[in-house]
Amino acid sequence: MKRLTYILLPIVLLSACGGPSSEEQLSAAEDRKEELQGLLQTEEVNVQKNTLRLDALEEDISKMQSVIGNSDIDEYVSIVGEYSNTLEKELKKLDSLVKKAKSEQDLSIISEDIDDISSKITEAMSGYENSVESVELNDYLKRQHSSLQLANDEIKSALHSVKNGAEAGSMDAVNEGIEQFNSASEYY
């Protein structure tokens with residue numbers, strides 16, 4: 001009998017410990033269902049986001065294809081490159097004059113060359129404007145051109161301020177003109 005007890009005891013214990021009840025199984029299945037629904041919603045949102053990204057990318061590709069091989073764009077880039085090289089060269093000259101004038105505390109140094117620098121920059125601006133007239137500008141290039149025109153207006157004003165400040169012997173006015181040059185770069 002002892003032997004039978006040793007055999008039946010584990011069976012009784014196993015049946016008592018048994019698997020989860022049907023309520024527990026149903027609750028676990030419902031929890032798993034909610035978890036899967038949450039994952040599905042997350043994936044649906046991700047699919048929508050990716051669809052929007054793909055649509056935007058297709059639009060960008062379409063725009064780029066319309067630009068590729070457009071000789072007007074190549075010509076515009078060349079015109080801007082030539083203009084910016086001249087502008088950079090003349091502004092470097094002006095920068096070195098201002099630094100020298102500050103170190104020697106003599107604003108007449110600026111006055112000696114400001115007219116020449118101003119003339120070359122104004123000539124470059126006119127050359128840019130004349131050259132751009134021969135180019136057919138798409139919407140993007142029109143925006144770039146408008147920005148350059150705004151920057152050119154700011155540069156002209158800055159040149160005027162630097163020149164007037166140097167002639168009046170006012171380093172504050174010269175510095176104000178230099179700040180205008182810095183703000184002109186916001187248009188690029």
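**Figure 1. Glutamine 105 counts as exposed, at 74% relative accessibility.** The view is taken from a predicted model, in which local features need pLDDT of at least 70 and side-chain atom pairs count only at pLDDT 80 or more, whereas totals for chains, interfaces and linings use all residues. Residues are numbered from 1 along each chain as its sequence is written, and side-chain values use heavy atoms, with hydrogens and water left out. Glutamine 105 sits in the loop between H3 and H4. Exposed denotes over 50% relative accessible area, buried under 20%, and partly exposed the range in between (1.4 Å probe, protein chains only). Most residues other than glycine have a negative phi. Glutamine 105 has a positive phi, near 50°.

**Figure 2. The protein chain has six helices and zero strands.** Helices (H or I, at least four residues) and strands (E, at least two) are DSSP runs numbered from the N terminus. Along the sequence, the elements follow the pattern α-α-α-α-α-α. The protein chain comprises 188 residues, of which 21% are buried.

**Figure 3. Helix H3 (residues 71–104) packs with helix H4 (residues 108–132) at an angle of about 170°.** The axes of H3 and H4 are 10 Å apart. Axes are lines fitted to C-alpha atoms, for helices over the stretch in contact, with angles from 0 to 180 degrees between N-to-C directions. The contact of H3 with H4 involves 19 nonpolar, two polar and six charged residues. Isoleucine 117 belongs to helix H4 and is buried, with a relative accessible area of 1%. Between isoleucine 117 and leucine 94, the C-alpha to C-alpha distance is 7.2 Å, although 23 residues separate them in sequence.

**Figure 4. The largest nonpolar core contains 31 residues.** Within this core, the residues with the most contacts are Tyr76, Tyr83, Leu94, Ile110 and Ile155. At least two core residues come from each of H3, H4, helix H5 (139–168) and helix H6 (171–184). A nonpolar core is a set of buried Ala, Val, Leu, Ile, Met, Phe, Trp, Tyr and Cys residues joined through side-chain atoms within 4.5 Å.

**Figure 5. The second largest pocket has a volume of about 250 Å³.** Eleven residues line the second largest pocket, and Leu91, Ile178, Phe181, Asn182 and Ser185 are the closest to its centre. H3 and H6 each contribute at least two residues to this lining. By class, the lining consists of eight nonpolar residues, two polar residues and one charged residue. A pocket is an open set of points on a 1 Å grid over the protein atoms alone where a 1.4 Å probe fits, with protein on both sides within 12 Å along at least five of seven lines; lining residues have an atom within 4 Å of a point.

**Figure 6. Aspartate 172 lies in helix H6, whereas glutamate 186 is in the segment after H6.** Aspartate 172 is exposed, with a relative accessible area of 64%. Valine 162 is ten residues from aspartate 172 in sequence, and their C-alpha atoms are 9.5 Å apart. Glutamate 186 is likewise exposed, with a relative accessible area of 66%. Glutamate 186 and serine 147 are 8.9 Å apart, C-alpha to C-alpha, and 39 residues apart in sequence.

How values were computed:
Nonpolar A, V, L, I, M, F, W, Y, C, P; charged D, E, K, R; others polar. Points joined across faces, edges and corners; volume = space filled by probe spheres on them.
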